[in-house]
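Please read the points below with the structure open beside you, and look up each place as it is mentioned.

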Amino acid sequence: MTATANRQWTVRSGRVSLRVHRRTAVVAAALAVLCLGAVLASLLSGQYEISVSGVFRALGGHGTLQQRYFVNDVRLPRVLVALLVGAALAASGAIFQSLSANPLGSPDIVGFNSGATAGALICLVLLHDSGLLATGIGAVGGGGAVAVLVYLLAYRGGVGGYRLILVGVGINALLGAGIAYLLSRAELNDSLNAQIWLVGSLNGRGWDQVRILLVVLAVVLPVAFSLSRALLTLEIGEEPATSLGLSVGSVRRWAVVVSVVLSAAAIVCAGPISFVALAAPQAAKRLARSAGPSLVVSALTGACLLALADLLAQRLIAGAQLPVGVTTLVLGGLYLGWLLVGEVRKGRA
């Protein structure tokens with residue numbers, strides 16, 4: 001490994017050479033440590049108190065029956081789902097923000113998440129099928145249908161970033177009305193269960209959700225990483241990117257598919273948690289000081305944000321556990337206001 005200009009490291013192994021920006025590597029390492037800290041804090045927190053030594057004994061298969069149950073069956077899968085959902089949402093947001101060249105470009109702003117939510121709700125409310133397979137198919141189908149619709153409506157000899165955002169916001173509003181209609185037509189029990197799910201919650205999440213998210217991330221994230229350089233090239237504009245030999249249409253299609261699948265997997269496993277996909281990529285960009293989408297840092301930032309938000313939701317009110325979606329809505333609303341003020345000052349909104 002060699003250092004180049006004090007800003008990046010070059011790792012060589014045979015004919016393979018990989019350049020790693022020093023600041024990005026340091027930030028990623030710090031975020032990974034923060035994620036581990038959030039995991040430990042989550043395993044320690046709760047009405048049933050467990051010491052640090054008790055947590056490690058339970059993780060090793062020892063300790064009391066109660067310690068093993070609360071650590072291995074309740075708290076550990078919950079915090080892992082938080083980390084994986086946060087990573088999926090943040091990576092999805094980073095891809096779409098790069099694709100639209102707009103910090104407001106996020107799956108939960110332009111309707112992708114609402115489409116996935118509507119698809120999952122159709123299975124939950126109309127088909128009375130709450131299985132992960134059925135809701136997963138519904139979410140991917142709904143998100144994909146909305147993505148195609150937004151793209152077609154925004155296409156005018158090309159897809160401009162702000163035109164894509166405006167069309168997506170309009171579709172998002174229409175889908176909100178559709179979701180409200182679905183809930184009004186549902187049976188009482190189905191409607192109540194759907195309302196809880198719609199807020200976005202990690203309560204009761206277990207190893208089934210962890211396995212689904214691990215499989216999706218293991219398959220989709222490598223595709224996302226392979227698109228990073230093309231997305232960075234695309235940010236200079238369609239015509240310059242085409243002149244450099246980039247297949248703009250193919251990159252856009254693959255980027256949208258990856259973004260939809262990541263957000264749909266997160267929605268199926270935890271409900272439509274808002275603003276993580278919007279805020280995490282921008283925070284990661286500022287931390288890493290990168291020109292384009294830093295998917296590793298974005299994913300780690302999203303994982304940290306959601307794990308810490310869930311920890312806050314569990315401990316904010318004594319004797320009660322708020323859905324994590326409530327916490328992210330409050331924090332995300334403040335962030336969105338700050339972002340809009342910044343865009344207005346720059347004359348772009």
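Which residues lie nearest the centre of the largest cavity?

1. The largest cavity. Of the 10 residues that line the largest cavity, those nearest its centre are Phe96, Leu99, Tyr151, Leu164 and Val256. A cavity here is a set of points, on a 1 Å grid over the protein atoms alone, where a 1.4 Å probe fits but cannot get out, and lining residues have an atom within 4 Å of a point. The model is predicted: local features need pLDDT of at least 70 and side-chain atom pairs count only at pLDDT 80 or more, whereas totals for chains, interfaces and linings use all residues. Residues are numbered from 1 along each chain as its sequence is written, and side-chain values use heavy atoms, with hydrogens and water left out.

2. Its volume and lining. The structure holds one cavity of 30 Å³ or more, and the largest cavity contains about 60 Å³ of space, a volume being the space filled by probe spheres set on grid points that are joined across faces, edges and corners. Helices α3 (65–100), α5 and α10 (248–270) each supply at least two residues of the lining, with the largest share, three residues, coming from α5. The lining divides into nine nonpolar residues, no polar ones and one charged, where Ala, Val, Leu, Ile, Met, Phe, Trp, Tyr, Cys and Pro count as nonpolar, Asp, Glu, Lys and Arg as charged, and the others, Gly among them, as polar.

3. The pair α4 and α5. Helix α4 (residues 112–126) packs against helix α5 (residues 132–154) at an angle of about 140 degrees, and their axes are 6 Å apart; axes are lines fitted to C-alpha atoms, for helices over the stretch in contact, and angles run from 0 to 180 degrees between N-to-C directions. Among the residues that meet are Gly115, Gly119 and Cys123 in α4, and Gly138, Gly142 and Val146 in α5, contact meaning heavy atoms within 4.5 Å. The residues of this contact divide into nine nonpolar, six polar and no charged.

4. The whole protein. The secondary structure comes to 13 helices and three strands, which are DSSP runs numbered from the N terminus (helices H or I, at least four residues; strands E, at least two). Buried residues make up 50% of the 349 residues, where buried means under 20% relative accessible area, exposed over 50%, and partly exposed in between, with a 1.4 Å probe and protein chains only.

5. Ala303. This residue lies in helix α12 (residues 295–315) and is buried, with a relative accessible area of 5%. Leaving aside residues up to four places away in sequence, Ala303 touches Cys35, Ala82, Leu83, Gly86 and Ala87. Ala303 and Ala90 are 213 residues apart in sequence, yet 7.8 Å apart in space, C-alpha to C-alpha.

6. Two loop residues. Phe275, in the loop between α10 and α11 (276–288), is buried, with a relative accessible area of 14%. Phe275 also has a positive phi of about 75 degrees, although it is not a glycine.

7. Gly54. This residue is found in helix α2 (residues 52–59), and it is buried, with a relative accessible area of 0%. Gly54 and Leu44 are 10 residues apart in sequence and 9.1 Å apart in space, C-alpha to C-alpha.

How values were computed: On a 1 Å grid over the protein atoms alone, a cavity is a set of points where a 1.4 Å probe fits but cannot get out, and a pocket is an open set with protein on both sides within 12 Å along at least five of seven lines; lining residues have an atom within 4 Å of a point.
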